Amino acid sequence: MSEAVSIADQRFMARAIQLAQRGLYTTDPNPRVGCVLVKNGEVVGEGWHQRAGKAHAEINALNAAGAQAKDATAYITLEPCCHHGRTPPCSEALIAAGVSRVVAAMEDPNPQVAGQGLAQLQQAGIETRSGVLQAQAEALNPGFIQRMRSGRPYVRGKLAMSLDGRTAMASGESQWITGTEARQDVHRLRARSAAIVTGIGTVLADDPSLTARLDEDVQQPLRVVLDSQLRMSPAAKMLSLPGGTLVLTVNSDEQKNAALRDAGAEVEVLAGNQGRVDLHAVMDCLARHDINEILVEAGATLCGSFLQAGLVDELVVYMAPLLMGSDARGLLNLPGVEKMAQATKLEIADVRAVGKDWRMQIKVDNCRGKGTDKR
């Protein structure tokens, strides 16, 4: 393959990735996918997957291209599906349209596809290639990829702190540590998440909405409350809001369960440990609900428990230019850490200004599976 063709492949795939990003807030539980059809060096059709149950990116691009799709090259951020789901296989549509070449950024990790889509295209005489801008394509769908490969969602922990690492005054006062821009950025995190997980302590203290409030099309995340003893009030604000609320508990009291269900919640009783919901059981439950990306918005205890259980993939920490004093509450509760050898090592992937605050994106891959803490 010549250098010029390679550059063209990267350029058109970069455009497909841009298109896929338009579905960042709307495609769950499906992956975000973009497609560009190119013929004689010119784009003849573009498309992206907009919402689960609707046409996939390839179909939208083929519809845009019409007859010009024949003998075109299709650049797709994810291997075309080859199985019947809510929609017919995209591999068959590409074959029927007469495309001559398909370039995929990555193979689909879904076991129902996993290379079979590309193989089907090859059997039909279509030239295929994969691995073009693969890292960028994987970054579009960390939750979908992880759920397909390991059976559990991708977990982000969201934290806001002062410069001296405090999250609230000793009295509990915490509004607002960060500025307007940082809080708006959190809404973007919520919007890309399939579920927001919080603890009953946060719900009782703040009665939060936990919705994504943006001036664009957003599929509201499922709100997940860990409520071991079913203390949640049927009058909680979130129960009447779009997106739905799932209460996870170890309490099988049918009267309390029924009261929450009548108020609009879904309630599931999970395995527990020492009276608390087992966090690994929570992950299994949310994977069964086809949840790809989770945002943990909770207090220092629950966030710390997720971290020590080895269930956090990434921390997003907003740091405000404030000093709140030594009596204020700390960022995370991490009991049992007494020596430097026990410290959790992190990787800072990105730091940037968000208004007057700073946002740090921190990878936590090293702690995977080491913890045993339960909630």
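## Helix α4 and its surroundings

In this predicted model, the buried residues of helix α4 pack against α3 (90-97), β4 (101-104) and β5 (127-130), contact being taken as heavy atoms within 4.5 Å. Helices (H or I, at least four residues) and strands (E, at least two) are DSSP runs, numbered from the N terminus. The helix covers residues 116-123, and its buried residues are Gly-117, Leu-118 and Leu-121, where buried means under 20% relative accessible area, exposed over 50% and partly exposed in between, with a 1.4 Å probe and protein chains only. Seen down the axis of α4, these buried residues fall within an arc of 95°, so they line one face of the helix; the arc is that of the directions from the helix axis to the C-beta atoms. Just after α4, Gly-125 takes a positive phi of about 85°.

Residues are numbered from 1 along each chain as its sequence is written. Because the model is predicted, local features need pLDDT of at least 70 and side-chain atom pairs count only at pLDDT 80 or more, while totals for chains, interfaces and linings use all residues; side-chain values use heavy atoms, with hydrogens and water left out.

## The nine-stranded sheet

Nine strands form an open sheet of mixed pairing, in the order β11-β10-β9-β8-β14-β6-β15-β18-β17, two strands being paired if DSSP finds at least two bridges between them. The edge strands, β11 (265-269) and β17 (347-354), each pair on one side only, and the twist averages 20° from one strand to the next. Axes here are lines fitted to C-alpha atoms, for helices over the stretch in contact, and angles run from 0 to 180 degrees between N-to-C directions.

Strand β14 (residues 293-296) is covered on both faces, with Glu-293 and Leu-295 buried on one side and Ile-294 and Val-296 buried on the other. It runs parallel to β6 (residues 154-162), to which four bridges join it, and Val-155 stands opposite Ile-294. Strand β8 (residues 195-199) also pairs with β14 in the parallel sense, over three bridges, and Ile-294 is the bridge partner of Ala-195. Seven bridges, again in the parallel sense, link β6 to β15 (residues 314-320), with Leu-159 partnered by Val-317. Helix α6 (residues 142-150) packs on the sheet, touching β6 and β14, and its direction makes about 135° with that of β6. Helix α9 (residues 254-262) lies across β10 (245-249) and β11, running at about 150° to β11.

## Aromatic rings and charges

Rings of Phe, Tyr and Trp (its six-membered ring) pair if their centres lie within 6.5 Å, planes under 30 degrees apart counting as stacked, over 60 as edge-to-face and the rest as tilted. By this rule the count comes to one aromatic pair: Phe-12 and Tyr-75, tilted, with 5.4 Å centre to centre and 40° between the planes. The pair links distant parts of the chain, Phe-12 in helix α1 (residues 3-20) and Tyr-75 in strand β3 (residues 73-76) being 63 residues apart, and both are buried.

The charged end of Arg-11 sits over the ring of Phe-12, 4.4 Å from its centre, the criterion being NZ of Lys or CZ of Arg within 6 Å of the ring centre and within 35 degrees of the ring normal.

## Backbone exceptions

Most residues other than glycine have a negative phi, and most peptide bonds are trans. The bond from Asp-28 to Pro-29 is cis, with omega near 5°, and Pro-29 is found in the loop between α1 and β1 (34-39). Leu-210 has a positive phi near 55° and counts as buried at 5% relative accessibility.
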